[in-house]
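Open the structure in a viewer, with the sequence panel beside it. The stops below are meant to be selected in order.

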Amino acid sequence: MSETNALVIGSSSGIGAELVSQLCDSNLYHQVHAISRNEIAVAHPKLHSHEVDSSDEVQIAKICETLRESGPFALVVCCIGMLHLVSNVEQVSPEKRLEDVTANQLEHYFKVNTVAPMMWLKHLPKLLLKSVDTQVVLLSARVASIEDNKLGGWYGYRASKAALNMLIKTSQVEYRRRFKTVQIVSYHPGTVDTGLSKPFQSNVPKDKLFSVDFTVRQLLSLLPTLDINHAPHFIDWDNKSIPW
Ligand SMILES: NC(=O)c1ccc[n+]([C@@H]2O[C@H](COP(=O)([O-])OP(=O)(O)OC[C@H]3O[C@@H](n4cnc5c(N)ncnc54)[C@H](OP(=O)(O)O)[C@@H]3O)[C@@H](O)[C@H]2O)c1
């Protein structure tokens, strides 16, 4: 049994919840720490859940200080992301054309998809040890690729995930200087059957709409194959590189 821990941020997400479950059932990590705005209903001897709102940097800093006591973390996966939102106060949906773009929507996309994960990258060093290899995976999307953007549309989602990629590249430079043992992964899981993709699944061929079970198994199986010397990685579910 490993003595290192895993941390899943955004653990109530479709992908995050399944990841927590598979990590708890594996022998890969000693403890599994799950971060969510909402309390997790699942109980497991390995599972430690923490209610944290990742839109509040103070809460992120505080939980990282607390988690430092739990021992080293060898895996961190950030599942935070937003493509659409319908609530009593606001509505966000991916823009089809220029006229759909609003400052409010852009701000919302950047707050969730870019700023919140970056605040985790900022505070994670509190949990790391120079003697322990750590993989930090941030759920991104193929549409974040600037080079691959042939279809257009989805301005806010694309731009906020592309900005996250730049922050990942920049953070990797500094992490390499300060830790040497940290590799950051920008990960495209494919189109996964979760609440996030639900309204956009009609044009997805059946064999290209992945279950969360398959998605998490793919992620966990490819992580050990990644070479720290080539980090940061921007890869898809099939372990293929995506152009930045
Ligand atoms: N599903 C897909 O087809 C697909 C494809 C490509 C990329 N991705 C990426 O994979 C990741 C997980 O996707 P999913 O499909 O599992 O999504 P999901 O079920 O919609 O969950 C998204 C998670 O993001 C966090 N979040 C959302 N809004 C937030 C806010 N305002 N403040 C703080 N946290 C917020 C939530 O975490 P808590 O509620 O737990 O705090 C939520 O559980 C995302 O980054 C997404 O962009 C998904």
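The tour goes from the whole chain to the sheet, then to the ligand, and ends at individual residues.

**Whole chain.** Begin with everything displayed as a cartoon, and keep in mind that this is a predicted model. Along the principal axes, the C-alpha atoms occupy a box of roughly 50 × 40 × 40 Å. Buried residues account for 41% of the chain. Of the contacts between residues at least 6 apart in sequence, 69% link residues at least 24 apart.

Next, select the strands of the seven-stranded open sheet, whose order is 3-2-1-4-7-8-11 and whose pairing is parallel. Its edges are strand 3 (47-51) and strand 11 (233-236); each has a single partner strand, so one side of each lacks a neighbour in the sheet. From one strand to the next, the twist averages 20°. For a look at one pairing, show strand 2 (residues 32-36) with strand 3: the two run parallel and are joined by five bridges.

**The ligand.** Now centre on the ligand and display the 28 residues around it; Ser-13, Ser-36, Gly-81, Thr-194 and Leu-196 come nearest. Colouring this shell by class gives 11 nonpolar, 16 polar and one charged residues. Helix 1 (14-25), helix 3 (103-123) and strand 9 (191-192) each contribute at least two residues to the shell. Which element supplies the largest share of the shell? That is helix 1, with three residues.

**Backbone details.** Go to the loop between helix 5 (212-222) and strand 11, where Pro-232 lies. The peptide bond between Ala-231 and Pro-232 is cis, with omega about 5°.

Then select Trp-154, in the loop between strand 7 (134-139) and helix 4 (155-178). Trp-154 is not a glycine, yet its phi is positive, about 50°. Is Trp-154 buried or exposed? Trp-154 counts as buried because it has 21 C-beta neighbours inside 10 Å, and the cut-off is 20 or more.

The last stop is Asn-239, in the segment after strand 11. Asn-239 is another non-glycine residue with positive phi, near 65°. With 14 C-beta neighbours inside 10 Å, Asn-239 counts as partly exposed.

Terms used:
Residues numbered from 1 in each chain as written. Predicted model: local features only at pLDDT ≥ 70, side-chain atom pairs only at ≥ 80, totals over all residues. Near = placed C-beta within 6 Å. Helix = DSSP H or I, 4+ residues; strand = E, 2+ residues; numbered from the N terminus. Nonpolar A, V, L, I, M, F, W, Y, C, P; charged D, E, K, R; others polar. Pairing = 2+ DSSP bridges. Axes fitted to C-alpha atoms, helices over the stretch in contact; angles between N-to-C directions. Buried ≥ 20, exposed ≤ 12 C-beta atoms within 10 Å, placed from the backbone. Contact = placed C-beta atoms within 7 Å.
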